[in-house]
Structures are given as structure tokens and as C-alpha cells.
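Let's take a look around this protein together. Keep the 3D view open while you read.

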Amino acid sequence: MSLTREHLAQEIIDAGRFLYGRGWSPATSSNYSTRLSPSEALLTVSGKHKGQLGIDDVLATDLKGNSLEPGKKPSAETLLHTQLYSWRAEIGAVLHTHSVNATVLSRLTPEDFIEFEDYELQKAFSGISTHESRVRVPIFDNDQDIARLAAKVQPWLDAHPDCVGYLIRGHGLYTWGARMSDALRQIEAFEFLFECELKTRSILNR
Ligand SMILES: CSCCC(=O)C(=O)COP(=O)(O)O
Ligand SMILES: [Zn+2]
């Protein structure tokens, strides 16, 4: 059964309240979306306070990132959402957050990825059923040109169909799921793992 636009909009509003409340979407940062149809997404309007979203703070776009609602400006990062919906038909929700831990960890890491291994919580990611797995999270350098950034992300996605999320250096996290609840679970898992990684690095001084 497909969800109504009203229900999907409410999922975005609720996600914003939760993510802002956890401190992962401060100062109008972040953007969220759900799939509206095979060829359309419902996405946050640019520049809104994500803890105070209302029913008018979302809009429909096509999968090229064009607004389907004149007068409403879609997120500056719309293309990073729509490329994911085009990439995998089963993706139903995409979340982008700006937590302190994602920002610091991505800045501290000179490599173009981080890898999680032997954490039980890796099983919170879709497709992972054991701690004996490796979750590689690519880190892309930040870029104000979102089309150029999306063009750098696409080859990674194509080469890694099991990718569960990625970081943009000094900027934030993108993750997704079949439903909003799946994307939210992955955000929580990432945040837990980022914190473990930072604590481990500070104890080991690396
Ligand atoms: C103040 S955060 C800068 C823009 C950004 O990175 C972001 O996530 C929010 O952009 P949007 O256009 O979606 O509001
Ligand atoms: Zn952002």
C-alpha cells in the first residue's frame, strides 16, 4: 500500500524534530526526502529550520531535481537525493545530517574512506547480518557545486551496490533506506559508530 503525500510529509516533519533534537541537524542544516512515486521525490524546502518543519516546508521534485511546485525552492542538495532514487528503485527515504561527530571525523580522516569492523551495531545497516563484516564509508571532499559532487559520488555507488551511506568532508552524512524508519535507524547506527571511532582514536592518540 503506498502512503499518501500527507503521510510522507509528516514522516519528514517528524524526522526533522527527532534529528534536530539529537543535535544532528543544527542551524537550518540538513535535508530529508521520501520517494513520492517512481519518478518523483518529496523533499525539504531550502533553508528551513529542521526542528520546526511544517506541512508547507516540503515540495515535490522530479528525479532530475527540478521543482514541481513553482514558488518553492528545493534543498540546495536536491541532486544528492534524487541521484539515490535513480540509483536504486527500492530506496524510499534519504536523510542528510550535520552532526558534530560526522564533521570532526571526516575532517580528521586523511583517507577517502573510513571502515567499521567487528562492531555488533553494524547489523543495524541493511544487508548486514554479522559483526564479522566490513562497512566502508567513502568520504568525498566538500564542494559547493552539487552537480559536480554528485558526479563524484555516482561512480562509487555504481561500484558499491551495497553502500549504506557516505560522508562529505567537514559537512555531513548521507544515508538512506527502504522506508523512513530504515533511514533513521541507519543515521543512529552511524552516529553510534562515529562516536566509538572518535573515542577510540582519542584514547589511542591516532
Ligand atoms: C546552514 S547549512 C548549509 C547548507 C547545507 O549543507 C544543508 O544541508 C542545508 O541546505 P538546504 O538548502 O537543504 O536547506
Ligand atoms: Zn548539508
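A residue is called buried when its relative accessible area is under 20%. The model you see is predicted. With that cut-off in hand, take Trp-87: its relative accessible area is 16%, so Trp-87 is buried.

Now for the rings. There are nine aromatic pairs in the structure. Trp-87 and Trp-176 make up one of them. Trp-87 sits in helix 2 (residues 78-87) and Trp-176 in strand 8 (residues 172-177), so this pair ties together parts that are 89 residues apart in sequence. Trp-176 counts as buried too, at 6% relative accessibility. Another pair is Phe-116 with Tyr-119, and both of these residues are buried. Here are the two pairs:

| Pair | Centre to centre | Angle between planes | Type |
|---|---|---|---|
| Trp-87 and Trp-176 | 5.9 Å | 85° | edge-to-face |
| Phe-116 and Tyr-119 | 6.1 Å | 70° | edge-to-face |

Ring pairs also join Trp-87 and Trp-176 with Phe-140, Tyr-166 and Tyr-174 in a cluster. Charges get involved as well: the charged end of Arg-88 sits over the ring of Trp-87, 5.1 Å from its centre, while Arg-136 lies over the face of Phe-113, 3.6 Å from the ring centre.

Next stop, Thr-109, in the loop between helix 3 (100-108) and strand 5 (113-117). Thr-109 has 1% relative accessibility, so it counts as buried. A polar atom of its side chain lies 2.7 Å from the backbone oxygen of Leu-105. Setting aside neighbours within four places in sequence, Thr-109 touches Ile-114, Ile-139, Arg-169 and Arg-201.

Notes: Residues are numbered from 1 along each chain as its sequence is written. Chains are lettered from A and ligands numbered from 1 in the order in which they are written. This is a predicted model: local features need pLDDT of at least 70, side-chain atom pairs count only at pLDDT 80 or more; totals for chains, interfaces and linings use all residues. Side-chain values use heavy atoms; hydrogens and water are left out. Helices (H or I, at least four residues) and strands (E, at least two) are DSSP runs, numbered from the N terminus. Buried means under 20% relative accessible area, exposed over 50%, partly exposed in between (1.4 Å probe, protein chains only). A polar contact is a pair of N or O atoms within 3.5 Å; within protein, one must be able to donate a hydrogen and the other to accept it, and residues adjacent in sequence count only if both atoms are side-chain atoms. Contact means heavy atoms within 4.5 Å. Rings of Phe, Tyr and Trp (its six-membered ring) pair if their centres lie within 6.5 Å; planes under 30 degrees apart count as stacked, over 60 as edge-to-face and the rest as tilted. A charge sits over a ring if NZ of Lys or CZ of Arg is within 6 Å of the ring centre and within 35 degrees of the ring normal.
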